[in-house]
Amino acid sequence: MESQLGDKPYFGGEELGYVDIALVPYYSWFYTYEQFGNISIEAECPKLVEWAKRCMKKESVSKALPDPVKVHDFVVMLRKKFGVDS
């Protein structure tokens, strides 16, 4: 994905577009992926994280996406409920 993004601010170029809108919701899950996967997405994909932060500066994006910590808490609850974690 980083190679497709290149040095552009957004996947479509200079403006937020359909591809950005389709992909930015995954940013809310990055914290959860990092916690359960024991990885650093920022270290592995710095351009992708910078892109996501740029998208989040748009009020329409930041208001529409769930808080990453709440997503993580929800996943923890589901893992306990279904016996993945005790």
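Author: Contact here means heavy atoms within 4.5 Å. This is a predicted model, in which local features need pLDDT of at least 70 and side-chain atom pairs count only at pLDDT 80 or more, while totals for chains, interfaces and linings use all residues. Residues are numbered from 1 along each chain as its sequence is written, and side-chain values use heavy atoms, with hydrogens and water left out.

Reader: Which residues is Phe-30 in contact with, leaving aside its neighbours within four places in sequence?

Author: With those neighbours set aside, Phe-30 is in contact with Ile-41, Leu-48 and Val-49.

Reader: How is a nonpolar core read, and how many residues has the largest one?

Author: A nonpolar core is a set of buried Ala, Val, Leu, Ile, Met, Phe, Trp, Tyr and Cys residues joined through side-chain atoms within 4.5 Å. Buried means under 20% relative accessible area, exposed over 50%, and partly exposed in between (1.4 Å probe, protein chains only). The largest core has 14 residues, and Phe-30, Leu-48 and Trp-51 are among those with the most contacts inside it. Helix α5 (residues 46–56) gives the most to this core, with five residues. Helices (H or I, at least four residues) and strands (E, at least two) are DSSP runs, numbered from the N terminus.

Reader: Is Thr-32 buried or exposed?

Author: Thr-32 lies in helix α3 and counts as buried because its relative accessible area is 3%. Not counting residues up to four places away in sequence, Thr-32 touches Pro-68, Val-71, His-72 and Val-75. Tyr-33 also has its place in helix α3 (residues 30–37), but at 36% relative accessibility Tyr-33 is partly exposed.

Reader: How many salt bridges does the rule give?

Author: A salt bridge is a side-chain nitrogen of Lys or Arg within 4 Å of a carboxyl oxygen of Asp or Glu. The count comes to four. One of them joins Asp-7 to Lys-47, with the closest N and O atoms 3.4 Å apart. That pair links distant parts of the chain, 40 residues apart: Asp-7 is in the loop between α1 (2–5) and α2 (18–23), and Lys-47 is in helix α5. Asp-7 is exposed, at 76% relative accessibility, whereas Lys-47 is partly exposed, at 36%.

Reader: Where does the salt bridge of Glu-59 and Lys-63 lie along its helix?

Author: The side chains of Glu-59 and Lys-63 meet at 2.9 Å, N to O. Because the two are four residues apart in helix α6 (residues 59–64), about one helical turn separates them. Both Glu-59 and Lys-63 are exposed.
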